[in-house]
Amino acid sequence: MSNLLNHLHSPEPFEKSEDNIWLDSLFSSFVLDSYFNSEIYGGSKDTDFINKTSIFFSENFPSDKYKKLLDLGCGPGLYAEAFAKKGYDVTGIDYSSTAINYAIKNAKNSKSNIHYFEDDILSFKSNKKFDICTIIYQTYATFSYKNRRKLVENVHNLLNENGVFIFDVPTQHYYDQLSPVNAWEYRNQNNIVSTEQHAVLYSLEKYYENIFLNKSIYIFENQKIKKFYDWMKCFNELDIKNEIGDFFNIERIYSDIDGTPFSKDSNSLTLICQKI
């Protein structure tokens, strides 16, 4: 019991958990399944949305002018595949070996000429420069301020002159709607995570500066405990402008990555930025 209690404290903002769900072999199947199930928290959007996004990109940034596209945090390549079909020369980066291995296998089966690399998007380096860089599904907002700045500088260095940076973040409006949660669930055998019986403790905790934490603690019958932190920073337009203004100009904003118009009630904010 004392071991469990040690896992229940509130961590400092963007403190790393002892375990990483994206890299944990026990959860690899669950994480891969989540990419294909929009009903799972953190899962990808459906095929229609992804196709709509690729159409928005091709209409606004045609591949004959913006040929080389870098997808940072590409997961199993769902968006990368859609972009490749629109004529882009796509490079995808993700640090999950499970996701990258799936993406490579899928590209081979579909005969897509996509270049995938297992790497950390904060430190990825390339001799090739890109015309467009995307960070999709609010991945940017999962990093601390220090690492967000590092990421923006890295993207700046990876882009050609006048290159375009497109990414999305959750909004202040989304943060304001959140309510703290403390819950638990018992899961019997043959569930989506493990054949072993376990309980899950889940909490949503709001912090200052529009930061919130989704925390999950898995307790297995062999007394093994896995703890995962999922941090998120929410933004308004001024916040994000102050963060990236040394490297990028914000040219347009949308509600979502598919080009949905932005409104004050939008839960997400997509930014179309040009390299300075």
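1. Helix 6 and helix 8 pack at about 65°, their axes 10 Å apart. Axes here are lines fitted to C-alpha atoms, for helices over the stretch in contact, and angles run from 0 to 180 degrees between N-to-C directions. Helices (H or I, at least four residues) and strands (E, at least two) are DSSP runs numbered from the N terminus.

2. This is a predicted model: local features need pLDDT of at least 70, side-chain atom pairs count only at pLDDT 80 or more, and totals for chains, interfaces and linings use all residues. Residues are numbered from 1 along each chain as its sequence is written, and side-chain values use heavy atoms, with hydrogens and water left out.

3. Helix 6 brings Tyr-145, Arg-148, Arg-149 and Val-152 to Asn-242, Glu-243 and Ile-244 of helix 8 (contact: heavy atoms within 4.5 Å). Three of these residues are nonpolar, one is polar and three are charged.

4. The largest nonpolar core has 34 residues. Such a core is a set of buried Ala, Val, Leu, Ile, Met, Phe, Trp, Tyr and Cys residues joined through side-chain atoms within 4.5 Å; buried means under 20% relative accessible area (1.4 Å probe, protein chains only). Helix 6 (145–158) and helix 8 (237–244) are among the elements that each supply at least two of its residues. Phe-167 is one of those with the most contacts inside the core. Beyond four places in sequence, Phe-167 touches residues including Ile-135, Tyr-140, Ile-240 and Cys-273.

5. Strand 2 (residues 89–94) and strand 3 (residues 115–118) run parallel, joined by four bridges. Ile-93 has Phe-117 in strand 3 as its bridge partner.

Key:
Buried means under 20% relative accessible area, exposed over 50%, partly exposed in between (1.4 Å probe, protein chains only). Ala, Val, Leu, Ile, Met, Phe, Trp, Tyr, Cys and Pro count as nonpolar, Asp, Glu, Lys and Arg as charged, and the others, Gly among them, as polar. Two strands pair if DSSP finds at least two bridges between them.
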